[in-house]
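Please keep the sequence and the structure in view while reading.

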Amino acid sequence: MQHDIAKLDEKYFMQVFGKRLPVCFTRGEDVYLFDLDGKKYTDFLSGIAVNCLGYSDEGYKSALKSCVDNLMHTSNYFYIEPQAKLAEILCKATDMDNVFFQNSGAEAVEGALKLARKYHYNNGGQRTQIITMKDSFHGRTLATLAATGQDKFHEAYKPLIDSFTYVSPNDIAELTSAISGKTAAVMIEPIIGEGGIIKITPEYFAAVRALCDKHGALMIADEIQTGCGRTGEFLASPALGAMPDVVILAKSLGSGFPIGAFLARGKAATALKAGDHGSTFGGNHLACTAAYYVVNKLTTTDILTHVMDIGAYLKQQLTDLKQEFSCIQQVRGKGLMLGIDLDEEIDAKDVLKKLLSMGFVTATAGANVLRFLPPYTIQRQHIDKLIAALKQVL
């Protein structure tokens, strides 16, 4: 059966993902995934930081089923009850003033970039330069690809949109030299995810805020991966000591249902006027019903306290493992967004494949980082089994 599905995929689906990992999941339960043969896997990837509530949240399932039974989509020509309620709870959770909903993280980044340009246009300027970080990742559309600070994604699509300048993360001097009165915005991930789980220091994050204020630029935080509780706080930005003008969310926001959002505060919140932006599917009944349930659960229960506690436990276990295995160069990340940077003598992708064969789903990032992004419902016993398997592989 799995072989048949692979043959269909290879014949009819554009092979942009190359040779996929040889597993086809058909069911989820708690923090487990099951393949076509019924084999059980413990999930330390959660759909690339998406399925934050795991696979057995009955309230989430019930909310979506009710929406499917009643009304999934109208359009943004009309008021949408779950959209309005989600906007309220999300703005209150983030201390932002307003929000626009999209279908994906890349679309939300595009919307934030449009907002930055329109903000300066409204104020009599045509600022176009956006500063982003080297090793960053912001999406795969032409604009978000250009915003991504990794050359390997660029070559086939040149000439790129030339409005982007890349600076080294945590290098205040380099940022100071790059920013000017022509800069529209600085866009930064609080933890650079796809680039290798690289933490931004509080000093640098504060410097971004100060330099944006000095030069009249907007500060945009791409919290697609860190946001909605992945680090143990609803947003990672406030814990770094500065609030951006615009925040971008996706991934965990819908816990499996596709939705993205960009939020704004202060003067940035008034930049987009009627006709400046829009979406057919963005913010429809089904997407907002899913996200409302997620945000409500994250903000009214103790689940984020659990994320912080269990994330600290996982990080400590990985740190202890580093003392035992010299091939682990560094343990990186925060909360349930963690990774181990491996020496080049061991390929992180080989470790991933061996763990998968043993029933553990993980990911890689950056040059050679093994990455862990489990559901927020992960427990100590799951982590202990992962560590035992990782010891065996290493």
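## Thr-289 and its surroundings

Leaving aside residues up to four places away in sequence, Thr-289 touches Ala-63, Cys-67 and Pro-82, where contact means heavy atoms within 4.5 Å. Thr-289 is found in helix H9, and it counts as buried because its relative accessibility is 16%; buried means under 20% relative accessible area, exposed over 50%, and partly exposed in between, with a 1.4 Å probe and protein chains only.

This is a predicted model, in which local features need pLDDT of at least 70 and side-chain atom pairs count only at pLDDT 80 or more, while totals for chains, interfaces and linings use all residues. Residues are numbered from 1 along each chain as its sequence is written, and side-chain values use heavy atoms, with hydrogens and water left out.

## Helices H3 and H9

The axes of helix H3 (residues 58–70) and helix H9 (residues 285–300) come within 9 Å and cross at roughly 160 degrees. H3 is therefore roughly antiparallel to H9, given that angles over 145 degrees count as roughly antiparallel, under 35 as roughly parallel, 65 to 115 as roughly perpendicular and the rest as oblique. Helices (H or I, at least four residues) and strands (E, at least two) are DSSP runs numbered from the N terminus; axes are lines fitted to C-alpha atoms, for helices over the stretch in contact, and angles run from 0 to 180 degrees between N-to-C directions.

On the H3 side, Gly-59, Tyr-60, Ala-63, Leu-64, Cys-67 and Val-68 meet His-285, Leu-286, Thr-289, Ala-290, Tyr-293 and Val-294 of H9. The residues of this contact between H3 and H9 comprise nine nonpolar, three polar and no charged, where Ala, Val, Leu, Ile, Met, Phe, Trp, Tyr, Cys and Pro count as nonpolar, Asp, Glu, Lys and Arg as charged, and the others, Gly among them, as polar.

## Strand S11 and its partners

In strand S11 (residues 246–249), Val-246 and Ile-248 point one way while Val-247 and Leu-249 point the other way, and all are buried. Strand S10 (residues 218–222) pairs with S11 in the parallel sense over three bridges, and Asp-222 stands opposite Ile-248 of S11. With strand S12 (residues 260–264), S11 pairs in the antiparallel sense over four bridges, and here Val-247 stands opposite Leu-263 of S12. Two strands pair if DSSP finds at least two bridges between them.

An open sheet is formed by four strands in the order S13-S14-S17-S16, with antiparallel pairing. Its edge strands, each pairing on one side only, are S13 (328–334) and S16 (363–365). S16 and strand S17 (residues 369–372) pair in the antiparallel sense over three bridges, and the bridge partner of Ala-363 in S17 is Arg-371.

Helix H10 (residues 303–324) lies across S13, strand S14 (337–342) and S17, running at about 170 degrees to S13, whereas helix H11 (residues 348–357) lies across S14, S16 and S17 and runs at about 40 degrees to S17. H10 also packs with helix H12 (residues 380–393) at an angle of about 20 degrees, with their axes 10 Å apart, which means that H10 is roughly parallel to H12. The residues of the contact of H10 with H12 divide into nine nonpolar, one polar and four charged.
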